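Let's take a friendly walk through this structure, one region at a time. Keep the viewer open and follow along.

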Amino acid sequence: MARLNVNGTVVEVNASPDTPLLWALRDHVGLTGTKYGCGVAQCGACTVHIDGQVMRSCTLPISEVTETQKIVTIEGLSPDGSHPVQVAWRALDVPQCGFCQSGMIMAAAALLAEKPRPTDEDIDAAMTNICRCGTYNRVRAGIHQAARGGITG
Amino acid sequence: MAPLDNAAPSRRGLMKGAAAGAVLLGFHLPSKGALGQAAPAGQVPEVNAWVVIHPDDRVVLRMARSEMGQGTRTGLAQMIAEELHCDWSKVTTEYVTPGQSLARNRAWGAFLTAGSQGIRQSQDYVRRGGAAARIMLVQAAANRWGVPAEQCSARDSVVTHTPTGRTLRYGEVAAEAARLTPPAEVPLKAPGAWTVIGQSKPRLDTAEKTTGRLVYGADLKMPGMLVAVPRRSPVFGGRVRSFDAAAVRGRPGVRHVLQVGDSAVAVVADTFWQAKTALDALPVEWDSGENARVQQATIDAMLTEGLDAAEAFVGNQQGDARAAIAGAARRIEAVYSYPFQNHAPMEPMNATVVWTPTRCDVWCPTQNGEAALAAAAQAAGLPQTAVDVHRMDLGGGFGRRTTHDWLIDAVLIAKQVPGVPIKTMWTREEDMVQGRYHPVTKCKLTAGLDANGEITGLHMRISGQSILSFVFPTALQNGRDPVQFQGLNPGGTEGAIGYTFPNLLIDHAMRNTHVPPHFWRGVNHNQNAIYLECFLDEIAHATNQDPLALRRKLMANHPKHLGVLNAVAERIGWGTPPPAGIHRGIAQQMGFGSYVAAAAEVSVSNSGELKIHRIVAATDCGVAVNPRQIEMQVEGSFVYGLSALLYGECTVKDGAIEQTNFDTYNVLRLAEMPKVETIVMPSGGFWGGVGEPTIMVAAPAVLNAIFAATGKRIRSVPLKNEDLRRA
């Protein structure tokens, strides 16, 4: 029985130790905002924060996550969609199909927490998530807009 | 387990009111908002098939086309709202089911969401649906007041009796309106009077895509639900010879180990991870058959043979190109090729099915609800009236979800576990090797030139795979696949060539492979535009002509094609020196009812590294319903098109596709994305699509710019296989 600290609450997960965090979140904790896109840490649809760091949850077994590590998913990023990244995303209509956007938003939020005023080069380096609809330019614009909105980390 | 905030969307019973015999299920749906299914019948009477107005004035507009990111939901809602005169801030939407459509004589028209036709093919009847509802709402208010309807007007969901200033809200009269006879005459506004169409309204579905609350098919949960993970024969056409179910049956959570039809197996377990890992451990022996001997080289050789074959289907013929080329002072010839591509939508294939001997319900993302219903019913062994398909928003489609092989397997799995909701989910690996692929083709182009370098004849011989012969063989025309000639046709709305040549022959030697082809965003335009637009560039350089000037000479009879080409040329500064190290390319094409052109600025480093700096794209789609959505589709088209150009390639080894995930089928990432400047220039009078057209000029514009930068003509994609260092 694994104990995970998800969005500020400790939950017990009755899953085999090799179960990736992604599937523990989706199938055991019931948080489906974090998506499965590839299972090999390529696409970033499964991105969550662990202690504030970006983590691709599809290749991280729950046996390697401790109860003291704070996991934040898209559902826990803000209680009401008010995180500056989410606000900017809505203002610019960033998502298309939206399936990759939980991961995009989590990656963007972590970047801004680390670098409140990221350059284009910072964004290039941090935002390696795959979007097949092609939202990249609006993702970039959204990050700059959120930065202007004043994330101080 | 401790309760979590935001843990899951609220639950509501959705199946209430569905056809008799339906399994009553609660399942997770968004707690509120635009994305539900049709409300239970009888709850709030509809004004008509398209419009439901609640007593609190909430407007629910019904959708037959699917939303997969292309913005059709918002565009269609704008068109209904334009005529309904409703308060836009109160608009939500809901999907109708194909079962409801069947019961109501297709009241909502076609469900097919492909070919960039969601807006343009339904624009007339959805606007009339909105107008008819407005007329009835106004009449209901007039009846309440006992005044002629002509004295009343409607705006922002309020009916006003002009002489007295009395008002009634739509919500107050909707129930009465619903009882009125629909009007016989439903005039539509002239485009000049539009106030909603043409506006960049924010999308209706963005908010739930920023919080993780939107429930995709892959996210569905139902009480008692199990998860199935299937695997088909890796070699197309192969069959299951045997599998050792006992080897995995005792694993945690595993409930069933099943054969699915002739060609697949599946493990059904409590969770995805349990099913997936058990499937990985399941010993399966396949009977791969003759197809296991097919290699990529086998296919390439077959296509090469077709380039000079005597027999070919003619797509466009003007004059006598063969004779003109034979008698030409000079000839130019080149062979191009285009590989298999996987759609690779971010959400792998999935469907949730509850099957009983008398009823089958399906929840899935599909681009065609009606085709999904037909496929599900056939697989279920039930009449369509005993089946329904409840659509979920798609995590990408790009054509993959217009065909339902994955749904058929999901029904065949659920049929073996009656009464239990089974969510069948593909792994990314399954999605990659069981795709329906962009067809593979080659093309030999031969031009005859006179002594002045003017083109006297052009022959384009396409050799390769036909989509229709696999997907809709009955649509072939005496064996000829008309879709093969997209963008090269002598006329028509779907892809007319933009040039006039003195003599022209475009023909197709059909060479089909065992790899199943399908419609893939942009379809045959993708390679046809590369073939023609890059070859024209070759002719221009071989004859010392400016590529734009050469095109203009050939485009005198094609003003709309020329219009978009001129627009991008002007914006990019064609004819003026580009910044140091930057080189330009240009291309145009017409397809899916729209005219598009692109100009690209690229640089290539001494070590052969390509950087695409800037793209200017112009679209003439006749009517622009939502300019911002069009810009998003144009930007997205470049990501899709440039992904294919840079990386996209599926290859065959021993009859199976070699690429199994994004590590071997890479796609464009944000850092590689150029700046895109979109020119939306609707010239009016026609309705063109926007989801696909721009993709077709992405690759040729960049390839032509690469030639300008390097002097190297790349005739085979993707570029990952090419050395771009200067010649």
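This is a predicted model: local features need pLDDT of at least 70, side-chain atom pairs count only at pLDDT 80 or more; totals for chains, interfaces and linings use all residues.

**Where the chains meet**

Chain B brings 67 residues to the contact, and chain A brings 60 residues. About 5,200 Å² is buried between chain B and chain A, with carbon and sulfur atoms giving 57% of that area. Of the area that chain B buries against chain A, 16% comes from Trp273(B), Met346(B) and Leu670(B), more than from any other three residues.

**An open sheet and its helices**

Now turn to chain B, where four strands form an open sheet in the order 3-4-5-6, with mixed pairing. Its edges are strand 3 (46-48) and strand 6 (91-95) of chain B, each of which pairs on one side only. From one strand to the next, the twist averages 30°. Strand 3 of chain B runs antiparallel to strand 4 (residues 51-53) of chain B, and two bridges join them. Asn48(B) has Val51(B) in strand 4 of chain B as its bridge partner. Helix 1 of chain B packs on this sheet and touches strand 4, strand 5 (59-63) and strand 6 of chain B. The direction of helix 1 of chain B makes about 125° with that of strand 5 of chain B. Helix 4 (residues 170-178) of chain B lies across strand 3 and strand 4 of chain B, at about 65° to strand 3 of chain B.

Helix 1 also has a helical neighbour. How do helix 1 and helix 3 of chain B pack, and at what angle? Helix 1 (residues 72-84) of chain B meets helix 3 (residues 123-145) of chain B at an angle of about 35°, and their axes are 7 Å apart. Their crossing is right-handed. On the helix 1 side of chain B, the contact residues include Leu76(B), Met79(B) and Ile80(B), while Val126(B), Ala133(B) and Leu137(B) are among those in helix 3 of chain B. The residues of this contact comprise eight nonpolar, two polar and three charged.

**Two enclosed strands**

Strand 17 (residues 350-356) of chain B is largely enclosed by the rest of the structure, because seven of its seven residues are buried. Asn350(B), Thr352(B), Val354(B) and Thr356(B) point one way from this strand, and Ala351(B), Val353(B) and Trp355(B) point the other way. A hairpin of two residues joins strand 17 of chain B to strand 18 of chain B.

Strand 21 (residues 441-449) of chain B is largely enclosed too, because nine of its nine residues are buried. One way point Thr441(B), Cys443(B), Leu445(B), Ala447(B) and Leu449(B); the other way point Lys442(B), Lys444(B), Thr446(B) and Gly448(B). In the hairpin of strand 21 and strand 22 of chain B, five residues lie between the strands, and Gly453(B) takes a positive phi near 85°.

| Strands of chain B | Sense | Bridges |
|---|---|---|
| Strand 17 and strand 20 (residues 422-425) | antiparallel | four |
| Strand 17 and strand 18 (residues 359-364) | antiparallel | five |
| Strand 16 (residues 330-338) and strand 21 | antiparallel | nine |
| Strand 21 and strand 22 (residues 455-464) | antiparallel | nine |

Asn350(B) stands opposite Met425(B) in strand 20 of chain B, and Trp355(B) has Cys360(B) in strand 18 of chain B as its bridge partner. Ser337(B) stands opposite Lys442(B) in strand 21 of chain B, while Leu445(B) stands opposite Met460(B) in strand 22 of chain B.

Terms used:
Residues are numbered from 1 along each chain as its sequence is written. Chains are lettered from A and ligands numbered from 1 in the order in which they are written. Side-chain values use heavy atoms; hydrogens and water are left out. Axes are lines fitted to C-alpha atoms, for helices over the stretch in contact, and angles run from 0 to 180 degrees between N-to-C directions. A crossing is left-handed if the near helix is turned anticlockwise from the far one by less than a right angle, and right-handed if clockwise. Contact means heavy atoms within 4.5 Å. Ala, Val, Leu, Ile, Met, Phe, Trp, Tyr, Cys and Pro count as nonpolar, Asp, Glu, Lys and Arg as charged, and the others, Gly among them, as polar. Buried means under 20% relative accessible area, exposed over 50%, partly exposed in between (1.4 Å probe, protein chains only). Two strands pair if DSSP finds at least two bridges between them. Buried area is the accessible area (1.4 Å probe) that two parts lose on being put together, summed over both.
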